[in-house]
Each structure stands twice: as structure tokens, then as C-alpha cells.
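Biologist: I should like to understand this model by asking about one part at a time. Shall we begin with a single residue and then widen the view?

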Amino acid sequence: MEPMIQVENLCKRFNTKGGTVEAAKNISFSIEKGEIFGIIGLSGAGKSTLVRCLNLLERPTSGTVRVNGKNLTELSEKELRKERQKIGMIFQHFNLLMQRTALDNVCFPMEIAGIKKAEARKKALEYLKIVGLEEKALSYPSQLSGGQKQRVAIARVLASDPQILLCDEATSALDPQTTKAILELIKEINRDYEITVVVITHEMSVVQEICDKVAVLERGALVETGTVEELFRNPKTDEAKKLVFSGRTQIQEMKGKRLVRVTFQEKSSFEPVIANLVLTYRTPVNILYADTKNINGQAQGEMILQLPEIEEVANKMIQYLRDINMGVEEVSSDVG
Ligand SMILES: Nc1ncnc2c1ncn2[C@@H]1O[C@H](COP(=O)(O)OP(=O)(O)OP(=O)(O)O)[C@@H](O)[C@H]1O
């Protein structure tokens, strides 16, 4: 099957007074239909430029962008407008029309598409219901919380019946709890409406929460692509390591002394637990030993972890492991 989005040798250069900025350097990747694909990078890496090139809001200097097999760079303005309707977008600052109610914001793309007012309102209410905001239909954006505003923006995207949803730092202005809820909603939409999703973010936790695959951008170049699991388990480039942990220096400086023995029922649960632990506290741990033992006919996993030196982080990690029902005991450093 043809990829939903296929980018080949995409370059974008900006000519500024200070010289030429290469915001995208020979980027190639493809996104399959129904996938949730993350593009992650630090500030200035070129994420916004790349996502704007995907719907040609920004015209690439060279290279191609194919959506559903159509090369967008070859289309006329009129054809391009038609193709763009299939690509919805949500933003960090929501971009709602402040003078319109939530309902009228959702009606907006339908009005432009020439749908009759009564029908548009009926549909808009349905979309607001899908995003869990039916009772706020007549509220103005200024009367809504950040999470609610993003829900309206998502309902507005649904109203244009897109095949692709581009999310440009869509949760960056939200608190962790609201972020989780919005990511959950995006996942639901991806599943229920088979909308392919592209998530632009600087936060690894967002990628972990929602993405199937991820591409790492560094100074305009795509340095690593793979499944989210691969990136967590084995980040190859420095940039990916920097994103997975909070910084390389921290890895080098790790001199943790405290050892804990962690036990659990299934060996299979060990990898996601460590990935989550490292990601939650942005600090690596050393696995000194891991095995499965057969105890009374039951598979029992056992791990010896070396925790980071910072006591506060180590204590939090122990609590985290206890909270998810793992057996945790401190051991002296002469184990093994
Ligand atoms: N219109 C423009 N004219 C000149 N330079 C630009 C333009 N847009 C972006 N750039 C430059 O391109 C590079 C990438 O910027 P971009 O906004 O795509 O990065 P980003 O990863 O989205 O960063 P952030 O997360 O901070 O928004 C930067 O060096 C930026 O200064």
C-alpha cells in the first residue's frame, strides 16, 4: 500500500540578512495510513518548518511531498487547496476565533465548504459531543480552559473530515494531566476515524504516550527514525540520547551507589517498567542483573538496579516501583 505521506529529499532554505538558514536538510521519510508518527527535536531543530512543508504552507526549496500518492509540489493553487482540506492542523495556542462561540468555531470550516447553516450546527454539536464538550457549545474561547480550547480545535478539525491531523506542539501549553487527556483524545480519533496523525513535539513523554514511530530532528537533519520502543531501548545518536535522557553529561556523571533488588511476576514486564522509570525521572539507572526464576511453579522476575546518586530521585524511583506493585528492597553493594 502507498504511504499516506512520503517526503523525499526535502530541503528548505531561508535567505536572511544574516545569511542562509538551512531549516530542512535533505529529509526523507514516510508515514503509513493510520499511523501516529512523532517528529521530535529541540527548539530550532526545524520541526515547525518541516510540518509546514507537509501541507505546503511553506514551499520546499527542493524535494517532494506526496500525500496519498499526489505530489503536492506539482499541484496548482486550486488543486492544492483541495488537497489541503484533507489535512487538519492543531496548534500550541489553539488558534480559535475569539469572537465566535465554541459551536461557531466548529461550524466555520463547514460554512466555508458551503454546508447549510442548520446542518452545520447539527454536525458541529455532534463533533463537540465526540470531544466531550457539548455543554460548552455556547461558550466563547475566553471562557474555556486550555484543554477545553484544544478540544474545540479538535472538533473543528473533525468538521473538515480530514485524512491527516498535524499536531504542532498541541499539548505544550497544557499541564501534564490535561496533556494526557488530550493525547488520549487524539489516540481515540486516530483509531475511530482512521486519521493519520503527525505529532510535532520537543517532549519525549508525548512521543512515548501516543506515537507508533518517531523521527528525530537535529539542526534541520533527520538523524534517527524508528519505532518508539527502539528509540527508548537503543537511542543511537547523541541527539536521541539527549532527548531520551535529559542530557549526556548526566549519563557520564552517574555514580549511583544505592542498589535495590526488584522482584515481579513476569519477566516480560521489565522493559517497559525501566523505560517508564527512566523517562519519568529523566535520569538513567543501571541494570546490574536481571533474570527470571521459577518459584513454586511461577515465573518470578528479579532485577538488581543501581539508582542515581541524587537521593531524592532515588527515593522517588523506589516509591514509583512500589506504587506499581513491584517488590523493592535495598541491598548492600557486595551483591553478586
Ligand atoms: N521564515 C523564516 N525565515 C528565516 N528563518 C527561519 C524562518 N522560519 C524558521 N527559520 C529558521 O529555521 C530554523 C528552524 O526553525 P523552526 O521554527 O522550524 O524550528 P522548531 O524546531 O520548530 O523550533 P521551536 O520548537 O523553537 O519552534 C531556525 O533556525 C529558524 O530561525
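Biologist: Which residues does Lys149 touch, not counting residues up to four places away in sequence?

Modeller: Residues are numbered from 1 along each chain as its sequence is written. Two residues are in contact if their C-beta atoms, placed from the backbone, lie within 7 Å. With residues up to four places away in sequence left out, Lys149 touches Phe94, Leu96, Pro141 and Leu144.

Biologist: How far apart in space are Lys149 and His93, C-alpha to C-alpha?

Modeller: Along the sequence, 56 residues separate Lys149 from His93. In space, their C-alpha to C-alpha distance is 8.9 Å.

Biologist: Is Lys149 buried or exposed?

Modeller: A residue is buried if 20 or more other C-beta atoms, placed from the backbone, lie within 10 Å of its own, exposed if 12 or fewer, and partly exposed in between. Lys149 has 24 C-beta neighbours inside 10 Å, and therefore it counts as buried.

Biologist: In which helix is the place of Lys149?

Modeller: Helices (H or I, at least four residues) and strands (E, at least two) are DSSP runs, numbered from the N terminus. By that numbering, residues 146-159, Lys149 among them, form helix 5.

Biologist: How many residues of helix 5 are buried?

Modeller: The buried residues include Gly147, Lys149 and Gln150. Among the elements that cover them are helix 3 (102-112), helix 4 (117-130) and strand 7 (164-168). Helix 5 is largely enclosed by the rest of the structure because its buried residues number 12 of the 14.

Biologist: What distance does helix 5 reach from its first C-alpha to its last?

Modeller: The expected span of a helix is 1.5 Å times one less than its number of residues. For the 14 residues of helix 5 the expected value is 20 Å, and the helix comes close to it, reaching 20 Å.

Biologist: What distance separates the centres of domain 1 and domain 2?

Modeller: An automatic or database domain assignment provides the bounds, with domain 1 at 5-242 and domain 2 at 251-331. Taken over C-alpha atoms, their centres are separated by 36 Å.

Biologist: Which element has the lowest mean pLDDT?

Modeller: The protein averages a pLDDT of 88, and strand 4 (residues 62-67) has the highest mean of its elements, 97. Over residues 246-254 the pLDDT is below 50. Where pLDDT is low, the predicted coordinates should not be read in detail. The lowest mean, 37, belongs to residues 248-252, which form helix 10.

Technical notes: This is a predicted model: local features need pLDDT of at least 70, side-chain atom pairs count only at pLDDT 80 or more; totals for chains, interfaces and linings use all residues. pLDDT is the predictor's confidence in each residue, from 0 to 100.
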